[in-house]
Amino acid sequence: MTISFNNIPSNIKVPLFYAEVDSSAANTIQDSGASLIIAYPLAESPIERNKLIIMPTADHAKKLAGRGSQLSRMVEAYRNIDNFGELFVIAVDEPTAGSNASGTIQISGIAEETGTLSLYIGNSKIQSRVTVSDTAETIANGLHNAINTHLDLPVTATVTNSTITLTAKNKGLSGNDIPLCFNYYGTIGGEETPDGLNIVITQMYGGTGTPDLTPVIAAMGDKLIDFIAFPFNDLSSLATFNHEMDDTTGRWSYARQLYGHAYTAKKGDLSELVEFGDKLNYQHITVAGYEKTIQTGIDELVAMRTARNAVFIRNDPARPTQTGLLNGALPASDSHQFTLTEQQSLLSHGIATAYVSSGKLLIQRDITTYQRNSYGIADNSYLDSETLHTLAYVLRKLRSVITSKYPRHKLANDGTRFGARQAIITPAVAKAEINATYRQLELLGLVENFDVFKKNLIVERNVNDPNRLDVLFPPDLVNQLRVFAVLAQFRLQYPEEKN
């Protein structure tokens with residue numbers, strides 16, 4: 001017998017026809033992971049903590065995690081961009097020793113005209129009517145009521161005389177990143193404070209505490225997750241989460257092969273972000289840097305950016321994510337946006353960047369924080385997150401081919417004479433399969449230089465273990481068009497050609 005059957009016995013004597021089904025040559029699907037948001041729910045919300053929960057809609061998140069919670073706001077921001085992809089959440093407990101951030105709005109004067117106050121808490125606009133001759137206390141009470149009727153805001157409001165105090169609904173450092181402003185669009189946008197009033201904002205501050213991520217990581221288990229929205233940007237939380245992602249024992253290790261990438265963000269001025277980036281060196285984490293005056297909460301920006309990457313990368317992991325629109329984000333004003341020189345500095349220190357076009361915020365470049373090898377020498381191997389996503393796709397594809405076609409094969413040396421359709425693999429057969437797979441990946445635009453790859457591919461039987469094949473797999477990953485440089489060598493007039 002030369003054909004290897006899995007189930008039909010070789011010594012069966014009962015007539016006549018028997019058939020077994022073998023799917024080893026039929027598999028064409030490619031593994032891809034879901035997205036994950038890790039965030040705080042409201043303390044009194046019913047959602048189970050530290051458990052993977054599928055989250056189909058923003059309304060469902062509001063019901064489970066509480067309206068205005070970090071988790072529900074991030075889900076809403078995510079679903080505003082990716083309303084199709086599979087999304088999971090893990091609700092993490094607020095730090096028990098933490099405190100809630102707070103800010104104030106102080107109003108003084110008497111309204112000299114009728115108008116409207118336009119307050120922005122993050123990217124949410126709250127309007128309150130002002131009537132001529134209204135006192136500061138009356139106006140403060142009206143604005144206070146308007147704030148508390150918006151249940152999806154990240155803050156609650158209290159009022160004392162003519163001062164409104166805003167308190168973050170969740171404890172922790174994240175509350176300090178909730179931006180406050182009046183009249184974001186200015187007079188040209190129909191927003192201005194009525195004459196006679198003076199308004200002073202104290203931005204949110206005083207939030208302290210970071211989450212315990214140990215039960216969160218345990219809850220992730222070995223779930224296939226490709227895009228992780230991680231809103232906690234303190235160095236301790238990043239170091240803990242990097243351990244879950246790393247190549248040694250983490251999701252990128254040989255033993256787990258889960259892969260995936262985490263996205264977070266931080267706001268600050270250039271020097272603060274550069275200093276922060278220099279403290280990191282994680283190839284599986286992207287930290288996007290935003291201006292101090294950006295009018296969108298950092299946690300929601302993390303969700304938006306993760307969603308945009310999920311949409312793009314699922315379609316093609318090698319295409320650059322630049323120009324990806326962050327729907328609903330309100331960028332910093334023109335005069336406060338990072339300049340080209342500043343963006344270059346951020347990208348040189350492990351901080352991903354965004355840019356503004358026609359008032360909209362877009363991804364500029366999603367680099368990782370990896371900058372140096374283990375000897376502290378500059379290393380651009382893992383500069384762009386697209387490289388990691390492409391590598392994960394390629395490895396999953398190769399694993400899919402090998403595990404589908406050769407799950408129960410015998411191993412023999414090249415040159416062994418065996419019958420056709422025997423379940424035997426040799427180094428040469430494995431090499432041919434890998435080359436064929438590489439060709440498929442090349443057609444998909446994920447790798448290049450097949451001839452060079454073929455020369456450098458090594459497949460050999462392990463000298464100490466006769467049951468093991470060792471493979472040196474050297475894919476040349478396709479790159480992204482990042483820079484299009486033109487030398488405009490102009491002429492005032494080309495000389496006439498002589499016959």
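Predicted model: local features only at pLDDT ≥ 70, side-chain atom pairs only at ≥ 80, totals over all residues.
User: What makes β1 and β3 paired strands?
Analyst: Strands are DSSP runs of E with at least two residues, helices are runs of H or I with at least four, and both are numbered from the N terminus. Two strands pair if DSSP finds at least two bridges between them. Strand β1 (residues 34-39) and strand β3 (residues 87-91) are joined by 5 bridges and run parallel, so they meet that rule. Within this pair, Ile37 has Val89 of β3 as its bridge partner.

User: Which strands stand at the edges of the sheet, and why?
Analyst: The open sheet has 6 strands in the order β2-β3-β1-β11-β12-β13, with mixed pairing. Its edges are β2 (53-54) and β13 (285-290), because each has a single partner strand and one side of each is left without a neighbour in the sheet. For β13, 6 bridges link it to β12, and the two run parallel. Lys267 is opposite Tyr290 in β13.

User: How do you know whether β13 is buried or exposed?
Analyst: Buried means under 20% relative accessible area, exposed over 50%, and partly exposed in between (1.4 Å probe, protein chains only). In β13, 6 of the 6 residues are buried, so the strand is largely enclosed by the rest of the structure. Ile285, Val287 and Gly289 point one way, Thr286, Ala288 and Tyr290 the other way, and all are buried.

User: Why is Ser133 called exposed?
Analyst: Ser133 has a relative accessible area of 54%, so it passes the cut-off for exposed. Ser133 sits in the loop between β6 (124-130) and α3 (136-149). Its phi is near 80°, a positive value in a residue other than glycine.

User: And what makes Asn161 exposed?
Analyst: The relative accessible area of Asn161 is 57%, so the cut-off for exposed is passed here too. Asn161 is in the loop between β7 (155-160) and β8, with a positive phi near 55°.

User: How many cavities are there, and what makes a space a cavity?
Analyst: On a 1 Å grid over the protein atoms alone, a cavity is a set of points where a 1.4 Å probe fits but cannot get out, and lining residues have an atom within 4 Å of a point. Grid points are joined across faces, edges and corners, and a volume is the space filled by probe spheres set on the points. The count is 2 cavities of 30 Å³ or more.

User: Which elements line the two cavities?
Analyst: For the largest cavity, α2 (70-79) and β8 (163-171) give two or more residues to the lining, and β8 gives the most, with 4 residues. Tyr40, Pro154 and Asp299 are among the lining residues. For the second largest cavity, β12 (261-267), β13 and α7 (298-315) each supply at least two residues. Its lining includes Tyr263, Ala288 and Arg305.

How values were computed. Residues numbered from 1 in each chain as written. Heavy atoms only, no water. 1 Å grid on protein atoms, 1.4 Å probe; cavity = no way out; pocket = protein on both sides within 12 Å on 5 of 7 lines; lining within 4 Å.
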